[in-house]
Amino acid sequence: MKPRSTDFEITTRAAGIIKDAGYLTVATTAPDSTPWAAQLQYAWFTDPLRFVVGSAVSARHTRHVLNTGVAAAALSTLTGTAHGLDGLQMAGDCRALSGAELTSVLEAFYQQMFTDPAEARAQALPVAQLDEGGPQRLLELRPRELWILDLDRWETDGVSARRAVDIETVESILSTPSTREGS
């Protein structure tokens with residue numbers, strides 16, 4: 001029987017999913033509890049760990065976030081394991097970035113969206129379109145909870161379950177220069 005994955009192996013796997021997945025599904029609810037989900041391309045940042053997505057102010061999930069300040073999300077890969085699927089789930093605080101916080105992430109956000117620097121510059125929206133009166137927003141999700149598929153449990157018991165992941169350890173792994181250079 002294969003030994004259970006160590007916490008370090010789990011957090012390293014979680015960091016790899018964050019680095020490589022490219023899209024997350026953000027789940028929100030309206031103040032009246034009406035749910036919604038949208039799949040969005042994301043950029044990740046550390047200090048603290050957070051995920052940034054771009055969206056129209058008129059989008060249902062953006063309106064929900066602006067009203068509630070919370071969201072959940074799932075990231076998944078289809079080539080992560082012998083079973084094909086691997087992924088993370090999270091929940092946390094979510095808000096629109098503005099002012100100095102917005103400008104501090106803008107260039108890095110577009111660099112993660114587009115691998116070609118010229119394409120990133122060409123696609124970047126001006127701050128005026130993303131800030132207070134503009135039609136678009138960058139939404140930041142800061143996870144308070146992070147969970148990963150428990151592949152050990154699946155292999156031993158055939159049960160689909162999740163395992164809590166230490167956010168600070170994942171952030172530490174993502175902050176190392178060798179991980180950052182691969183972004």
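Colleague: What do the numbering and the confidence limits cover?

Modeller: Residues are numbered from 1 along each chain as its sequence is written, and side-chain values use heavy atoms, with hydrogens and water left out. The model is predicted, so local features need pLDDT of at least 70 and side-chain atom pairs count only at pLDDT 80 or more, while totals for chains, interfaces and linings use all residues.

Colleague: Which peptide bond is cis?

Modeller: Most residues other than glycine have a negative phi, and most peptide bonds are trans. Here a cis peptide bond joins Asp-47 and Pro-48, with omega about 0°. Pro-48 sits in the loop between strand S2 (35-45) and strand S3 (50-56); helices (H or I, at least four residues) and strands (E, at least two) are DSSP runs, numbered from the N terminus.

Colleague: What is the phi of Asp-47, and where is Asp-47 found?

Modeller: Asp-47 is not a glycine, yet has a positive phi of about 65°. Asp-47 belongs to the loop between S2 and S3. With a relative accessible area of 68%, Asp-47 is exposed; buried means under 20%, exposed over 50%, and partly exposed in between (1.4 Å probe, protein chains only). Ser-33, also not a glycine, has a positive phi of about 80°. Ser-33 lies in the loop between strand S1 (23-29) and S2, and is exposed at 53%.

Colleague: Is Thr-11 buried or exposed?

Modeller: Thr-11 is buried, at 5% relative accessibility. Thr-11 is in helix H1 (residues 7-20). Contact means heavy atoms within 4.5 Å; not counting residues up to four places away in sequence, Thr-11 touches Val-165, Asp-166, Thr-169, Val-170 and Ile-173.

Colleague: How many cavities of 30 Å³ or more are there?

Modeller: On a 1 Å grid over the protein atoms alone, a cavity is a set of points where a 1.4 Å probe fits but cannot get out, and lining residues have an atom within 4 Å of a point. Grid points are joined across faces, edges and corners, and a volume is the space filled by probe spheres set on the points. The count is one cavity of 30 Å³ or more, and the largest cavity has a volume of about 70 Å³.

Colleague: Which element gives the largest share of its lining?

Modeller: S1 does, with three residues. The lining of the largest cavity divides into nine nonpolar, two polar and no charged residues. Ala, Val, Leu, Ile, Met, Phe, Trp, Tyr, Cys and Pro count as nonpolar, Asp, Glu, Lys and Arg as charged, and the others, Gly among them, as polar.

Notes: On a 1 Å grid over the protein atoms alone, a cavity is a set of points where a 1.4 Å probe fits but cannot get out, and a pocket is an open set with protein on both sides within 12 Å along at least five of seven lines; lining residues have an atom within 4 Å of a point.
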